[in-house]
Amino acid sequence: MNRQNLKARLDAEFPGLVEMPPEFRGETTLVVGNAGRLPEVLRFLERECAFDYLIDISGVDHMNETPRFELVYELYSYGASQHLRAKARVPEESAEVPSACDIWPTANWHEREIFDMMGIRFAGHPDLRRILMWDGYPHHPLRKDFPLEGLPCETPDGHFTQAAPMDGGPFVTRPAELAHQREPRSKSPL
Amino acid sequence: MPDLAERFARHAEAYNASCPEAERLVLNVGPSHPTTHGVLRLVLELDGETIVRAEPDIGYLHRGDEKIAENMTYNQFVPYTDRLDYIAPLANNVAYALAVEKLLGWELPPRGQAIRVICCEMARISSHLLGVGCFGMDCGAMTVFLYTFTERETLYNLIEMLTGARFTTAYTRIGGMTRDLPDGFVPGLRKFLDALPARIDEVDRLLSRNRIFVDRTKDVGVISKDDAVAFGLSGPNFRACGIEFDLRRRHPYLGYEKYDFEIPVGSVGDCYDRYYCRLQEIRESVKILTQVLDSLPDGPICVQDRKGVLPPKDRVLTSMEELIHQFMLVTAGIDAPPGEIYFGHENPKGELGFYICSKGGGVPYRLKIRSPSFVNLSILPKLLSGHMIADVAAILGSLDFVMGESDR
């Protein structure tokens with residue numbers, strides 16, 4: 001299914017909801033206007049457009065932009081050997097999106113990872129727990145306001161973390177007093 | 001929140017209380033256990049010897065690689081990719097370099113591509129040799145492990161000759177490689193390729209019709225085609241379910257379309273098929289490597305972009321232009337365009353993907369690693385339920401996962 005064809009079918013099914021920005025490096029991207037309706041679009045893509053395989057879900061934190069978060073779904077169609085990216089912005093205030101677990105079971109762990117790392121919740125997820133960090137860890141490490149050196153924290157089970165020493169490390173740094181100001185993203189004002 | 005084992009125990013107790021004859025038991029396996037190949041923890045709820053419920057607990061090897069990547073230039077992240085699938089570091093290096101090159105819109109000259117194919121296939125052989133060997137050991141066939149490890153030793157010597165390191169290779173750079181093939185490498189690899197098929201035949205004879213091995217793996221851990229797609233499996237685990245899917249064939253990169261090779265496919269999707277697919281893939285990799293060596297082109301190994309790849313040292317020390325390029329590349333990194341790409345690479349374990357979101361400049365804004373082991377493990381709750389506890393070793397061994405990659 002080519003780009004125009006896909007766009008036309010999506011426009012007919014979801015009027016005004018889906019945009020298709022210009023192709024970059026031969027990849028087609030769909031931008032869904034409303035994250036709450038993302039699973040509907042995904043289900044339509046899976047059922048009607050034969051995008052039967054979910055490769056990956058990524059969360060991106062666009063700090064200082066509204067809406068702040070973005071979910072990126074990488075889909076693949078075996079029949080057509082075609083890759084498709086579907087993404088939607090998620091606002092920080094109501095960081096909750098309907099789960100895609102009932103479309104693809106593989107979404108289960110990807111969504112748990114995004115919940116763990118970004119703090120986006122998935123409504124209807126069967127078992128939304130942290131997956132890489134331990135239960136009870138208070139932060140979401142892949143958010144841009146979480147410093148690379150880490151944040152000290154303590155949990156009742158005897159786990160603890162401390163900020164890691166950054167001096168002399170391989171990271172791109174700039175001169176500054178505090179370690180977190182030396183990180184590259186501090187080049188853009190927070 | 002209560003621990004996983006505690007939650008399972010509560011569930012089991014509630015069941016035992018509701019049913020007078022029930023004797024459900026919760027068993028905690030790992031995180032450090034010989035069958036879990038690293039630091040995977042499994043919590044199993046057992047009814048006698050049968051697994052009723054299973055839940056893997058991962059994250060014990062989490063290092064925050066994606067966070068680290070956001071704070072480095074593209075080239076600085078190459079050594080971190082060694083530590084993803086540490087059984088096949090060369091393939092990770094290539095996958096990562098190809099992903100960034102896709103973002104940049106670069107393509108390597110023919111010799112560079114051929115060398116990268118050599119890297120990928122050597123990594124595949126090395127990974128599958130370990131995978132098959134460990135799987136054999138998990139099922140009680142110790143000898144196979146020693147045979148395959150002997151072959152890996154030769155391979156590691158070759159990798160050391162090529163990259164200077166046996167394990168943490170960090171061989172590729174964005175737009176090329178650190179160095180060309182050294183003298184004596186091609187004859188050394190040819191000698192290895194000549195000797196390997198006989199060894200693989202030996203492993204084949206030791207395992208493939210071995211009564212004990214076949215009894216423990218045939219019709220154990222069967223994954224249906226539908227489940228394989230729904231759970232996003234990839235690599236040999238996916239092909240063992242009877243689906244002919246290989247990114248090297250579907251979306252050729254590095255000139256894979258020039259090489260003649262077969263894609264081994266299973267029929268049942270059980271542990272035995274997964275083992276046999278890996279064994280066959282080693283044979284196919286040998287075929288590919290022989291063809292690459294026969295048609296190895298001459299020429300440069302790096303992209304001829306003077307602002308993208310480090311210039312030759314003698315020029316840096318004599319010419320102002322190159323000095324500036326060198327300085328900018330080392331301090332600020334390659335200037336990538338804004339945009340986002342996903343690149344999937346056929347790694348030995350499955351599809352290793354990199355999603356890169358760039359906002360311009362030398363540092364990725366977001367780098368997501370789609371690791372095959374992470375996705376392959378997510379089928380475990382479904383796969384283990386209903387099996388006997390002794391099958392856990394066979395199923396885990398046949399999935400051939402690496403926790404370094406799963407936990408990132």
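Colleague: Where does A:Pro67 lie in chain A?

Modeller: A:Pro67 is in the loop between strand 3 (53-61) and strand 4 (69-77) of chain A. Helices (H or I, at least four residues) and strands (E, at least two) are DSSP runs numbered from the N terminus. Residues are numbered from 1 along each chain as its sequence is written, while chains are lettered from A and ligands numbered from 1 in the order in which they are written. This is a predicted model, in which local features need pLDDT of at least 70, side-chain atom pairs count only at pLDDT 80 or more, and totals for chains, interfaces and linings use all residues.

Colleague: What kind of peptide bond joins A:Thr66 and A:Pro67?

Modeller: In general, most peptide bonds are trans, and most residues other than glycine have a negative phi. The bond between A:Thr66 and A:Pro67 is cis, with omega about -10 degrees.

Colleague: Which value does phi take at B:Asp400, and is the residue buried or exposed?

Modeller: Phi of B:Asp400 is positive, near 50 degrees, although the residue is not glycine. B:Asp400 sits in the loop between helix 17 (391-399) and helix 18 (403-407) of chain B. A residue is buried if 20 or more other C-beta atoms, placed from the backbone, lie within 10 Å of its own, exposed if 12 or fewer, and partly exposed in between. B:Asp400 has 27 such neighbours inside 10 Å and therefore counts as buried. In the segment after helix 18 of chain B, B:Arg408 also has a positive phi, near 50 degrees; B:Arg408 is buried, with 25 C-beta neighbours inside 10 Å.

Colleague: How is the span of helix 5 of chain B judged?

Modeller: The expected span is 1.5 Å times one less than the number of residues. Helix 5 (residues 110-138) of chain B has 29 residues and should span 42 Å, which agrees with the 42 Å between its end C-alpha atoms. Because 26 of its 29 residues are buried, helix 5 of chain B is largely enclosed by the rest of the structure. Just after this helix, B:Gly140 has a positive phi of about 95 degrees.
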